[in-house]
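Okay, thanks for coming, everyone. I'd like to walk you through a structure that may be new to you, so let's get it up on the screen.

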Amino acid sequence: MLRKLHRRLNRLPEYIYLRNLLTLPPYPGVKLTPKRKTNLWLSRIEGMLGRAKLRSLPIRLTVEAANACNLSCPACFTGLGETNGRRKSLMTLELYRRLLDELGDYLFEMEFYSWGEPLLSKFIFEMIGDATARGISTTISSNFSIPWDADKAERLVKSGLHRLGVSLDGATQERYEIYRRKGNIETVLRNCRLVAEAKKKLGSATPQMIWEFHVFKHNVEDIELARRLAAEIGMDIAVNKGWQTGEEWDNGGQYKFFWDAIPFPCLFLWHYGVVNTDGGVAPCCGSFYPEDDMGKLSIAPGELGASTFREVWNGERFQTARKLFSSRTGPHEVKKSICYSCPVTTTWERWRNHRLIGKHPWDFQVGYSENDTWNYFWSRRDAVNRPSVPGSDTVVRRLEG
């Protein structure tokens, strides 16, 4: 009975807001300071009130360390070689440190990945080290099917990285490569062991290593072997249903996505920031194309763009997107925006209407899954005509070399 009540309460926005006001986010290794905690609670209060212009700054920042990748995963914009108007590049240390100087005192967590492979960046160890020195929790998710050695493993451990997620969707090459195309599972496992050995050598408990097993129909049989291999290496394992384009697989079955779809305002619009290698500030982690950016930071003296993140964070596009959670109306340009028809936005509108006419909250049907959210972002591929980016097919080889 209590478990059922708990599940129901965790789907109520009012309960989640109250719970979040009374708890700290579970980011490992973060140094709690008065400035961080004050910004956290201000951020949550402003999200609860639905404010469009914010005094708070993000509590988590995703920076795209490298927007190229060495694999060709079929449900990934980068893996498919999608050209999007952004040249394949690394985030410069100059841009990164500007962000860190402005936001570092307020951040609980820094993520170094989005649509690319972060360990292709030659700056990645410095980036992690800079954030760790400021008391920020740090996370990477990598395919880890890249050239690696003991020296790099030790540098990664010494950087202070708190969490290393390894996208490893199988325990045999045959099943693993169905999705992780061009990947080599023996390379990945060897690299994981190198990091485990470096942790032991240096007497470090970090990074926590997580085998991220995305379950599809083709790799279900590998789950138990993956659990055994993870335990042998010293990795935790997270088994979650994988997104796929088109119809969801195992709908209603035993495998679940990382989180459930619930009626709740978009966390990215109030609490999480995303910055691309070219300084483009994305609305969320699902966004890929520069046309959907909320603004752009200048990355060199004299270049057009905002000089601070806050300028974009409180710019017209962000404020317009936040207002959609009070009233989903607006001119044609607003309706073309990525946030207007996002399932998170439309579900919140249906939820508000459901409550306004006096219906019981337990009767509300979300009506979509995380796979539908993924397909919504995937549909942006055909939204506009996009220019090709000459020379982008050679960038991954150059970064690896």
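This is a predicted model: local features need pLDDT of at least 70, side-chain atom pairs count only at pLDDT 80 or more; totals for chains, interfaces and linings use all residues.

Where is the place of Pro-207? Have a look for a second. Pro-207 sits in the loop between α8, which covers 185-202, and β5. What order do the nine strands of the open sheet have? Reading across, it goes β6-β5-β4-β3-β2-β1-β7-β8-β9, and the pairing is mixed. At the edges you find β6 and β9 (295-296), and each has a single partner strand, so one side of each is left without a neighbour in the sheet. As a reminder, strands of a sheet pair through backbone hydrogen bonds, either parallel or antiparallel.

Let's step through a few of those pairs. Strand β3, residues 137-142, runs parallel to strand β4, residues 163-167, and four bridges link them. If you want a landmark there, Ile-140 stands opposite Leu-164 in β4. Next, β4 pairs with β5, again in the parallel sense, over five bridges. Find Val-166 on your screen: its bridge partner in β5 is Trp-211. Trp-211 also stands opposite Ile-237 in β6.

That brings us to β5 and β6. How many bridges join these two strands? There are six, between β5 (residues 208-215) and β6 (residues 236-241), and the two strands run parallel. Val-215 stands opposite Lys-241 in β6. To get from β5 to β6, the chain goes through helix α9, residues 223-233, and this β-α-β crossover is right-handed.

Helix α4 lies across β1 (60-63), β2 (109-111) and β7 (272-275), and it runs at about 175° to β1.

On to helices packing on helices. Take α2 (residues 13-22) and α3 (residues 34-49): their axes come within 10 Å and cross at roughly 165°. The two are therefore roughly antiparallel to each other, and their crossing is left-handed. Who makes the contact? On the α2 side we have Tyr-17, Asn-20 and Leu-21, and on the α3 side Trp-41, Arg-44, Ile-45, Gly-47 and Met-48. Sorted by class, the contact of α2 with α3 has five nonpolar, two polar and one charged residues.

Here's another pair: helix α5, residues 124-133, and helix α6, residues 150-158. Their axes are 9 Å apart, and they pack at an angle of about 20°. That makes α5 roughly parallel to α6. The way α5 passes α6 is a left-handed crossing. From α5, the contact uses Phe-125, Glu-126 and Ile-128, while α6 brings Lys-152, Arg-155 and Leu-156. By class, this contact of α5 with α6 has three nonpolar, no polar and three charged residues.

One last stop, in the loop between β3 and α6, where you'll find Phe-144. What is its phi? Phe-144 has a positive phi of about 55°, although it is not a glycine.

Conventions
Residues are numbered from 1 along each chain as its sequence is written. Side-chain values use heavy atoms; hydrogens and water are left out. Axes are lines fitted to C-alpha atoms, for helices over the stretch in contact, and angles run from 0 to 180 degrees between N-to-C directions. Angles under 35 degrees count as roughly parallel, over 145 as roughly antiparallel, 65 to 115 as roughly perpendicular and the rest as oblique. A crossing is left-handed if the near helix is turned anticlockwise from the far one by less than a right angle, and right-handed if clockwise. Contact means heavy atoms within 4.5 Å. Ala, Val, Leu, Ile, Met, Phe, Trp, Tyr, Cys and Pro count as nonpolar, Asp, Glu, Lys and Arg as charged, and the others, Gly among them, as polar. Two strands pair if DSSP finds at least two bridges between them. A crossover is right-handed if, with the strands pointing away from the viewer, the path from the first strand over the helix to the second runs clockwise.
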